[in-house]
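Visitor: I would like to learn how to read the features of a model. Please show me one to begin with.

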Amino acid sequence: MAEVLLIQPKAGNWEAVGVRLPEGLLTLAAVPHKEGYKVKILDLRIAKDWKKSVLDELKSNPIVVALTCMTGPQIGYAI
């Protein structure tokens, strides 16, 4: 699995207007990827069972887990 896990939390009602690429996480992923680390971006906005997806990824014991977050409802999903 991933050595570096980057998580895009759900975003509340923003998904109704369409899900965009997690551009911030893609930019952040470039550095560890260039250094040879396996990087996985887990986008909880599109995961069918996002809680299970997170738990499954954490079982692989990544060396780094990072989340991005905006203010508003997304903070609750990040926590």
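Visitor: How many salt bridges does the structure hold?

Guide: This is a predicted model, and it holds 5 salt bridges. One of them joins the side chains of Arg20 and Glu23, at 3.2 Å from N to O. Arg20 counts as exposed because its relative accessibility is 57%, over the 50% cut-off. Glu23, at 44%, is partly exposed.

Visitor: Which residue forms a salt bridge with Lys40?

Guide: Glu57 does, with the closest N and O atoms 2.8 Å apart. Lys40 belongs to strand β2 and Glu57 to helix α2, so the pair ties together parts 17 residues apart in sequence. Lys40 is partly exposed at 30% relative accessible area, while Glu57 is buried at 5%.

Visitor: Where do Lys52 and Asp56 lie?

Guide: Both are in helix α2; being 4 residues apart, they are separated by about one helical turn. Through shared partners, salt bridges join Lys52, Asp56 and Lys59 into one network.

Visitor: How should I read the sheet?

Guide: Strands of a sheet pair through backbone hydrogen bonds, either parallel or antiparallel. Here 3 strands form an open sheet in the order β2-β1-β3, with parallel pairing. The edge strands, β2 (39–43) and β3 (64–67), each pair on one side only. Helix α2 (residues 50–58) packs on the sheet and touches β1, β2 and β3; its direction makes about 165° with that of β2.

Visitor: Which residues make up the largest nonpolar core?

Guide: That core has 5 residues: Leu5, Ile7, Leu42, Leu44 and Val54. Ile7 also has Leu42 as its bridge partner in β2.

Key:
Residues are numbered from 1 along each chain as its sequence is written. This is a predicted model: local features need pLDDT of at least 70, side-chain atom pairs count only at pLDDT 80 or more; totals for chains, interfaces and linings use all residues. Side-chain values use heavy atoms; hydrogens and water are left out. A nonpolar core is a set of buried Ala, Val, Leu, Ile, Met, Phe, Trp, Tyr and Cys residues joined through side-chain atoms within 4.5 Å. Buried means under 20% relative accessible area, exposed over 50%, partly exposed in between (1.4 Å probe, protein chains only). Two strands pair if DSSP finds at least two bridges between them. Helices (H or I, at least four residues) and strands (E, at least two) are DSSP runs, numbered from the N terminus. Contact means heavy atoms within 4.5 Å. Axes are lines fitted to C-alpha atoms, for helices over the stretch in contact, and angles run from 0 to 180 degrees between N-to-C directions. A salt bridge is a side-chain nitrogen of Lys or Arg within 4 Å of a carboxyl oxygen of Asp or Glu.
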